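This briefing is meant to be read beside the sequence and the 3D view.

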Amino acid sequence: MCVGGTTTLLFGCADAPGADEGEGTGDGAPTTGGGDECPDPFADGVMLGVLDGFVGEAQAAVGEFQGQGLDGRLALDLGTLEADGLIIDNADFFIRTALPDQLDLEQPWTINISGLVDAPLELSLAELAAMVQTSRVVLLECSGNGSNRAFGLISAAEWSGVLVADILELVSIQAEATAVLIAGFDEHSQPSSQSTPGCSWVFRFDELAAAGAMLVTHMNGEPLPPDHGQPLRLIIPGWYGCCNVKWVDSIRLVDDSEPATSQMLEFATRTHQTAAHALAADYSAAIMQQAAMPVRVEQWEVGGQILYKIVGIMWGGTELTDALAIRFDGDEPIPVEVCAPHVTNDTWTLWSYAWQPEAPGEYEITMAIDDPAIPTNRLDSGFYARRVRIEEI
Ligand SMILES: Nc1nc2c(c(=O)[nH]1)N[C@H]1C(S)=C(S)[C@@H](COP(=O)(O)O)O[C@H]1N2
Ligand SMILES: [Mo]
């Protein structure tokens, strides 16, 4: 069976016997009740090409690093995603904020654990390396992801390090502490045109534990690249990118009177807070709700007819779902059979849909989750709507 909780099994699915080798997994056709097979309506077809991006999006800013420091950006080219390439190479993983030029990576690094503890602690990287290590494939999406960068501020990697919960075991926490402020190095000599320096976030104990938050030193088996937080970053699975603090050097135990950090205030709207609350305790968990969007449209010829393959991703959320649906120009949602099925909320799942448009023209594609129990506020707002232009039918 192509199900299971481990990442090995998950990514093994694409190559499982019966899965389509050439084009990856996930086609629009129904599956044969619970088996491994993904019937492929394109099996006897010929791919004619890939449509040139989505209409009205800034493709120029995709796939190449731009800017510096706080304005450093690299957007992933989502159009090239394949079922056997869903873990993104370190060199391609999106960047939001490049290594601060004031940070000297040659200096020894320590994490200062302070605040509402009986005795503060300085933890070295060597001490951290001696603790129990865990690895997990986790997707990050910048809460400022958008069509201006063709939605490329999103990527998944395997991260390795130590659970924050294990680090907190090393100190004696005072009774009034309710939360942890995790802060990273953020001194840039160049001011930003767009954002406030200072990336820190306050997490309640239960939020850290539920997410399985980790302080990681490795990305895809390599030491963290400088732009991704070398030597240490926070990974809080399921939370927006802005909470995944890079260059972590401080953990401070706090209580409910702790003010919101500048980052929490700056990102209040984008993380769907009810307001830019003054107190950190009033913020809800900045979790990515279930979302989905197309990433490319391929043109095929199958049995003498033109057929389009819409390839897309689904990510975010906290529950598994088989209720993915696609809509064209706001028409009734049509169910999309995801094959291989959705088996984790930690990372993205590739899907595809066989589409025969009725006429040439421009179409807006939006995805939906046809299950009222699954929150999809950002998806339903039309945030991930993409337009395609069809010339030939
Ligand atoms: N210290 C620090 N950490 C940071 C930021 C920052 O500006 N400074 N940016 C955050 C934001 S907004 C995002 S989306 C993620 C991006 O992580 P990545 O560049 O490794 O993809 O890092 C987060 N961590
Ligand atoms: Mo972000």
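In this predicted model, an oxygen atom of ligand 1 lies 2.8 Å from a polar atom in the side chain of threonine 97. Of the 540 Å² of accessible area that ligand 1 has on its own, the protein covers 99%. Ligand 1 sits in the largest cavity, and elsewhere in the account there is one disulfide to consider.

**Contacts of ligand 1**

- Arginine 233 brings an N or O atom of its side chain to 2.7 Å from an oxygen atom of ligand 1.

**The shell around ligand 1**

- Ligand 1 is surrounded by 19 residues, of which Phe94, Thr97, His228, Arg233 and Lys246 are the closest.
- Divided by class, the residues of this shell comprise 11 nonpolar, four polar and four charged.
- Two of the closest residues, Thr97 and Arg233, are also those whose side chains were described above, threonine 97 at 2.8 Å from an oxygen atom of the ligand and arginine 233 at 2.7 Å from an oxygen atom of the ligand.

**Cavities**

- When the whole structure is searched, six cavities of 30 Å³ or more are found.
- The volume of the largest cavity, in which ligand 1 sits, is about 280 Å³.
- This largest cavity is lined by 23 residues, and those closest to its centre are Arg96, Thr97, Gly241, Cys242 and Lys246.
- The lining of the largest cavity consists, by class, of 11 nonpolar, eight polar and four charged residues.
- Thr97 and Lys246 are named among the residues closest to the centre of the cavity, and both are also listed among the residues closest to ligand 1.

**The disulfide**

- In general, a disulfide is a covalent bond that links the sulfur atoms of two cysteines.
- The one disulfide of the structure joins cysteine 38 to cysteine 339, with an S to S distance of 2.0 Å.
- Because the torsion about the S-S bond of cysteine 38 and cysteine 339 is about -85°, this disulfide is left-handed.

Key. Residues are numbered from 1 along each chain as its sequence is written. Chains are lettered from A and ligands numbered from 1 in the order in which they are written. This is a predicted model: local features need pLDDT of at least 70, side-chain atom pairs count only at pLDDT 80 or more; totals for chains, interfaces and linings use all residues. Side-chain values use heavy atoms; hydrogens and water are left out. A residue is near a molecule or strand if one of its heavy atoms lies within 4 Å of it. A polar contact is a pair of N or O atoms within 3.5 Å; within protein, one must be able to donate a hydrogen and the other to accept it, and residues adjacent in sequence count only if both atoms are side-chain atoms. Accessible areas come from the Shrake-Rupley method with a 1.4 Å probe; for residues, only the protein chains shown count as cover. On a 1 Å grid over the protein atoms alone, a cavity is a set of points where a 1.4 Å probe fits but cannot get out, and a pocket is an open set with protein on both sides within 12 Å along at least five of seven lines; lining residues have an atom within 4 Å of a point. A molecule sits in a cavity or pocket if more than half of its atoms lie within 2 Å of its grid points. Ala, Val, Leu, Ile, Met, Phe, Trp, Tyr, Cys and Pro count as nonpolar, Asp, Glu, Lys and Arg as charged, and the others, Gly among them, as polar. Grid points are joined across faces, edges and corners, and a volume is the space filled by probe spheres set on the points. A disulfide is a pair of cysteine sulfur atoms within 2.5 Å.
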